[in-house]
4 protein chains.
Amino acid sequence: MIILMNAATTEQVNRVLDKLRQLGLDSHLITGLHSKIIMANGDLSVCNPALYERMPGVDKVLLVETPYKLASREFQREDTIVTVGCASFGGKTIPVIAGPCAIESYDQLYQAGVTAKAAGAAMLRGGAYKPRTSPYSFQGLEKKGLEIIKAVGRELELPVVSEVTDPRSIDLFAEHVDMLQIGTRNMQNFVLLKEVALSKKPILLKRGLAATIEEWLMAAEYIMASGNNQIVLCERGIRTYETFTRNTLDLTAIPVIKHVSHLPVIADPSHGTGSWRWVNPMSKAAIAAGADGLLIEMHPNPEEALSDGPQSLTPENFSQLMTDLDGLTGALGRLLYKNKGE
Amino acid sequence: MIILMNAATTEQVNRVLDKLRQLGLDSHLITGLHSKIIMANGDLSVCNPALYERMPGVDKVLLVETPYKLASREFQREDTIVTVGCASFGGKTIPVIAGPCAIESYDQLYQAGVTAKAAGAAMLRGGAYKPRTSPYSFQGLEKKGLEIIKAVGRELELPVVSEVTDPRSIDLFAEHVDMLQIGTRNMQNFVLLKEVALSKKPILLKRGLAATIEEWLMAAEYIMASGNNQIVLCERGIRTYETFTRNTLDLTAIPVIKHVSHLPVIADPSHGTGSWRWVNPMSKAAIAAGADGLLIEMHPNPEEALSDGPQSLTPENFSQLMTDLDGLTGALGRLLYKNKGE
Amino acid sequence: MIILMNAATTEQVNRVLDKLRQLGLDSHLITGLHSKIIMANGDLSVCNPALYERMPGVDKVLLVETPYKLASREFQREDTIVTVGCASFGGKTIPVIAGPCAIESYDQLYQAGVTAKAAGAAMLRGGAYKPRTSPYSFQGLEKKGLEIIKAVGRELELPVVSEVTDPRSIDLFAEHVDMLQIGTRNMQNFVLLKEVALSKKPILLKRGLAATIEEWLMAAEYIMASGNNQIVLCERGIRTYETFTRNTLDLTAIPVIKHVSHLPVIADPSHGTGSWRWVNPMSKAAIAAGADGLLIEMHPNPEEALSDGPQSLTPENFSQLMTDLDGLTGALGRLLYKNKGE
Amino acid sequence: MIILMNAATTEQVNRVLDKLRQLGLDSHLITGLHSKIIMANGDLSVCNPALYERMPGVDKVLLVETPYKLASREFQREDTIVTVGCASFGGKTIPVIAGPCAIESYDQLYQAGVTAKAAGAAMLRGGAYKPRTSPYSFQGLEKKGLEIIKAVGRELELPVVSEVTDPRSIDLFAEHVDMLQIGTRNMQNFVLLKEVALSKKPILLKRGLAATIEEWLMAAEYIMASGNNQIVLCERGIRTYETFTRNTLDLTAIPVIKHVSHLPVIADPSHGTGSWRWVNPMSKAAIAAGADGLLIEMHPNPEEALSDGPQSLTPENFSQLMTDLDGLTGALGRLLYKNKGE
């Protein structure tokens with residue numbers, strides 16, 4: 001923490017130094033021609049920069065420490081690999097998760113799973129509890145949906161992932177799915193983050209709609225601080241002024257995350273762009289940027305989807321995408337995980 | 001819903017018309033020189049525009065209906081007035097809620113309450129469960145905090161408000177506070193929205209960090225659809241590229257809300273700007289824009305605050321603000337509610 | 001400038017110190033337990049922080065100096081007052097500039113001017129060269145427009161302002177108008193900024209569509225560095241994700257500017273909101289936030305306007321606004337300038 | 001254009017229809033149970049939707065026409081290919097433009113050109129007139145810089161591109177460079193757009209810092225409407241709330257542009273991310289997304305660069321990038337243009 005006190009009196013400077021000392025922080029005062037600066041090192045959880053900003057004589061407080069610890073590359077140099085059944089995120093091999101936005105019936109999900117697996121997908125996704133902007137939109141099959149995804153996963157030998165939105169449902173999810181997803185709208189639902197960690201299941205942590213990379217890593221830090229480091233981050237587009245696409249897929253976040261953190265990071269070009277038309281090129285772009293996997297919306301019949309139809313691939317689109325990715329990953333020195341269909 | 005199908009074949013158009021008919025929607029086809037357009041009217045919860053966007057021949061689907069119903073001015077022409085003890089939001093009189101970001105101790109909150117009331121505040125605020133970006137920051141006194149705010153509120157005869165973050169705590173909150181706040185990060189925590197409505201308590205609904213006005217009203221719609229229309233909306237700044245201020249206070253949202261909805265709307269210039277320095281001018285600006293009240297962070301000793309010190313007013317700042325507002329509200333044809341201090 | 005070099009070797013640190021010394025910058029090295037930090041003071045135009053960010057061992061370079069000098073409150077403590085005929089910006093009295101977006105004919109502008117003056121406006125605005133998003137939209141009457149605004153201004157004894165977009169037209173503008181406007185799209189047209197300064201006329205400098213407050217002040221710095229300090233800043237809304245309003249009027253920028261700079265700042269709620277409906281409340285809000293004036297689009301017949309009709313006030317709307325502002329300014333300890341109509 | 005008039009009276013509807021008729025627009029009225037809608041077709045440059053929004057009874061005006069004509073895929077189905085010497089943008093082969101942000105000396109640019117060409121670059125870039133946020137920053141060598149880039153280009157047989165900022169310099173640029181760049185800050189400098197078109201030279205049109213894809217295409221439309229269709233669009237990052245990277249590179253814009261327009265589009269990951277560290281992965285991502293080329297900042301000695309050092313690649317970085325791209329383009333069914341070094 002750096003405290004700038006350019007025009008401060010000696011008394012004002014001493015008050016700040018006293019306070020730092022009380023909290024056990026190591027501090028230095030540097031006096032220049034036109035500036036007085038205090039450097040403070042120590043336990044960040046104690047020092048609370050906000051406290052100093054309001055003290056007389058203080059111009060500015062600059063936080064130079066990285067706020068995330070367990071999630072940082074400094075804390076752990078080697079890449080974390082998160083394994084969910086046959087899917088491994090963070091290594092050389094790249095798994096693709098596919099499936100519909102919402103689980104609509106056993107038949108719909110089974111059909112989705114069969115085509116996903118046949119094309120090589122490593123995991124099946126499907127929403128049972130849907131956070132919808134409108135209370136009048138389809139809210140998901142709830143518990144029934146979880147039973148369906150568990151059954152389909154077992155039948156097809158595909159690990160499954162679904163989004164949890166209520167801390168009271170975590171146990172139920174843990175019984176039915178192999179990986180728990182924290183959705184965009186809940187990235188800073190800290191109650192949920194703390195408790196989902198306790199499930200000991202791998203967590204798919206989506207970036208918040210307007211979350212900075214730092215806030216996203218702090219959400220991961222919540223989960224890790226509760227004892228669970230099986231986290232896969234997922235870039236899914238951020239909100240900007242551009243309205244041509246539903247969101248702006250921030251692919252630079254991928255190499256940034258790989259640089260500052262050891263956690264695996266995948267991309268969701270379906271939500272990230274909002275239209276099936278951009279999913280193929282942006283999937284390739286995500287992999288070229290270094291993504292450790294993809295999360296793709298695919299529906300047996302997108303025209304009839306109860307949720308997010310416009311951004312869903314058809315089975316044919318998805319199969320083409322997997323073929324395209326196969327060649328691409330090789331050129332990038334990686335390997336596409338290809339499930340063996342039934 | 002308007003469906004544009006400029007270059008569509010007759011067969012493609014008929015497929016769309018068939019689907020609309022199946023769902024019981026009234027539809028018209030208009031054929032122009034270079035365009036084919038379908039207008040569909042009926043129950044929006046059924047029509048799901050996304051379904052059509054993916055159908056062959058469809059260029060664009062435009063939703064022209066207002067998605068919120070109960071929250072709209074069309075549904076209820078007269079203003080809703082929400083009353084919490086002596087405070088009434090939505091009428092001619094303007095109440096101010098004041099207090100610290102976080103409850104730190106009985107003494108701190110009592111002192112805050114005494115000075116708030118002496119300056120004329122109508123309600124006391126204080127956080128017991130704090131949603132913090134870092135798991136290592138102070139997370140609030142939790143249940144102990146609620147007991148403190150209840151006790152202080154009774155002692156000082158001030159209605160109190162605090163933020164609820166967990167659906168399992170709603171009953172506890174309902175026993176301790178007069179109004180339940182839904183915070184920015186939980187504006188789309190739909191589980192929480194549905195259940196907080198059942199408390200039958202008045203709700204203070206903050207705008208999400210990157211929520212559109214429409215999404216914000218849809219969050220209110222969730223609460224209203226669950227049977228509670230005692231909602232006060234609170235503009236608290238949105239996230240933009242500007243970093244000089246913590247957030248960008250979107251005051252135009254206030255006249256917009258007053259025009260399209262019957263719900264009262266107040267402003268929180270403390271979070272909205274992030275610095276005590278801008279709280280006085282932006283409080284006045286909010287009132288001049290038509291706000292039905294203010295939510296102000298005030299701390300007996302901001303330098304020592306465990307949370308949000310930089311944006312807290314001192315008791316002297318707050319007292320000055322109330323004096324400034326007194327003259328201003330008169331010039332605007334409104335009236336500042338002024339509590340009689342002890 | 002602060003240079004963080006936490007894990008740097010002594011040799012790396014010495015290379016940075018050498019470079020700073022070569023450029024004549026005064027520097028200090030502070031070594032902590034886990035950090036090495038260099039503070040450098042001196043002529044910012046020489047030090048170019050970007051140079052250091054790329055040097056081995058450097059983690060981060062923090063610029064702590066204010067980049068604007070002449071525009072800063074440190075450079076000049078007392079408020080700058082910019083006078084254009086009867087209008088003075090930056091003092092106790094608040095002038096209002098009104099008029100149509102585009103000059104369409106002598107009659108249209110004359111009619112606008114008469115009603116503006118009758119309601120008390122201090123200045124008349126009107127665009128002759130219109131920067132339009134589409135090449136197919138009306139581009140203004142150009143030179144003919146300037147002749148009209150000059151004639152109307154003289155006839156009505158109203159100072160006039162119009163937007164200049166081409167450095168080659170500056171002399172022409174200087175002959176025809178009393179104040180030159182730099183529009184949003186040209187805020188960083190540095191060629192134009194440098195030359196418009198040489199006109200020695202007062203400049204109305206609008207904020208860029210996505211400009212930070214700092215970049216805006218740097219644009220003013222360009223004009224001041226070229227020898228002209230007769231600048232009035234104008235907040236006109238920034239681009240955000242919110243689409244309900246055309247732009248997001250950032251009123252907090254007003255007290256921020258008043259704090260960090262000595263230049264006057266006014267608001268343009270017409271462009272800032274995009275609809276006449278929000279102009280009245282947001283004009284009041286701007287004044288309550290501390291604005292030194294307003295720029296209001298008003299058209300004798302908005303339905304027939306060739307540009308920006310939806311956000312234009314009618315003469316009746318404008319007259320009502322001036323009445324509303326009259327009471328408000330008094331309550332704020334300021335005074336509305338009221339022209340005496342003919 | 002669609003005009004919604006749900007609660008309008010017959011008289012109000014007739015007024016709108018009359019006005020449309022006067023302007024020669026073909027219009028239809030559709031009356032539903034709860035809605036009245038007018039569809040108008042015809043010359044968009046005449047109809048000005050804004051005019052109707054303000055008319056009594058009108059709820060909303062929806063513009064459904066594409067505002068760009070010449071730049072649209074409807075106007076021209078086959079891809080435009082822009083050729084600048086050996087570089088062709090828009091075909092199967094992908095050219096890379098490299099060079100320093102600013103031209104500093106003949107030696108610096110010559111050295112940059114030699115290493116760029118040796119690694120396979122198709123074109124050389126370098127700024128002579130630099131638009132800088134601060135008037136105190138290095139503003140470029142100006143005319144001297146143009147002479148240098150012309151000489152180096154000839155010497156090395158590399159086509160060259162540089163940014164023009166002043167309409168009065170266009171002829172000078174046309175004599176010295178093979179392609180004229182319109183920079184981010186001038187994307188809506190319409191005076192410059194119209195005149196640069198007349199140079200008959202190929203134009204590199206960068207996206208504005210906060211420009212929508214539509215506004216960007218409208219800027220291209222300005223150039224095309226002035227008779228020049230040799231335009232290469234360049235995505236260079238947009239401004240968002242994320243501060244970890246200098247800008248947010250919006251790669252989805254690439255497939256979007258390829259879909260709606262026939263113009264070639266390249267990416268500038270140097271400005272798009274702001275750090276050399278992300279240039280390699282984001283270059284690959286841009287190509288995978290479908291970009292027709294790249295614009296890369298490369299400096300013989302980035303630590304000494306007078307502008308944008310942090311985001312410049314070293315010659316070694318650049319050479320590695322070209323090797324990486326070589327394999328990648330093949331896997332994508334395209335071909336990297338590789339200049340034969342001297």
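Reply: **Charged pairs and contacts of chain A**

Arg21(A) and Asp18(A) form a salt bridge in which the closest N and O atoms are 3.1 Å apart; the term stands for a side-chain nitrogen of Lys or Arg within 4 Å of a carboxyl oxygen of Asp or Glu. This is a predicted model, in which local features need pLDDT of at least 70 and side-chain atom pairs count only at pLDDT 80 or more, while totals for chains, interfaces and linings use all residues, and side-chain values use heavy atoms, with hydrogens and water left out. Residues are numbered from 1 along each chain as its sequence is written, and chains are lettered from A and ligands numbered from 1 in the order in which they are written.

Both partners of this pair belong to helix α1 of chain A, where Arg21(A) and Asp18(A) are three residues apart, about one turn of the helix. Helices (H or I, at least four residues) and strands (E, at least two) are DSSP runs, numbered from the N terminus. An α-helix has 3.6 residues a turn, so residues three or four places apart point the same way. Arg21(A) is exposed because its relative accessible area is 53%, whereas Asp18(A), at 37%, is partly exposed; on this scale buried means under 20% relative accessible area, exposed over 50%, and partly exposed in between, with a 1.4 Å probe and protein chains only.

A second pair within the chain joins Arg73(A) to Asp79(A), with the closest N and O atoms of the salt bridge 2.7 Å apart. Here Arg73(A) counts as buried, at 11% relative accessibility, while Asp79(A) is partly exposed at 35%.

These pairs are part of a total of 60 salt bridges over all chains. One of the others is the salt bridge of Arg207(D) with Glu242(A), whose closest N and O atoms are 2.8 Å apart. Arg207(D) sits in the loop between β12 and α8 (213-225) of chain D, and Glu242(A) in the loop between β13 (231-235) and α9 (253-260) of chain A, so the pair joins two chains. Both Arg207(D) and Glu242(A) are buried. Arg207(A) and Glu242(D), for their part, belong with Glu235(A) and Asp250(A) to a network of salt bridges.

Turning to chain B, 53 residues of chain A are in contact with 53 residues of chain B, contact being taken as heavy atoms within 4.5 Å. About 4,300 Å² is buried between chain A and chain B, 50% of it on carbon and sulfur atoms; buried area is the accessible area (1.4 Å probe) that two parts lose on being put together, summed over both. Of the area that chain A buries against chain B, Arg54(A), Tyr136(A) and Glu303(A) supply 20%, more than any other three residues.

Four salt bridges are counted between chain A and chain B, and Glu215(B) forms a salt bridge with Arg239(A), the closest N and O atoms being 2.7 Å apart. The interface of chain A and chain B also has 18 residue pairs in polar contact, both residues being at pLDDT 80 or more. A polar contact is a pair of N or O atoms within 3.5 Å; within protein, one must be able to donate a hydrogen and the other to accept it, and residues adjacent in sequence count only if both atoms are side-chain atoms.

On the side of chain A that touches chain B, α1 (10-22), α3 (50-53), α7 (190-197) and α8 (213-225) of chain A each supply at least two residues, and α8(A) gives the largest share, five residues. By class, that side has 23 nonpolar, 14 polar and 16 charged residues. Ala, Val, Leu, Ile, Met, Phe, Trp, Tyr, Cys and Pro count as nonpolar, Asp, Glu, Lys and Arg as charged, and the others, Gly among them, as polar.

Chain C is the other partner to consider, in a contact that takes 16 residues from chain A and 17 residues from chain C. Chain A and chain C bury about 1,300 Å² between them, with 75% given by carbon and sulfur atoms. In chain A, the residues that lose the most area to chain C are Ile30(A), Val64(A) and Tyr241(A), together 29% of what that side buries.
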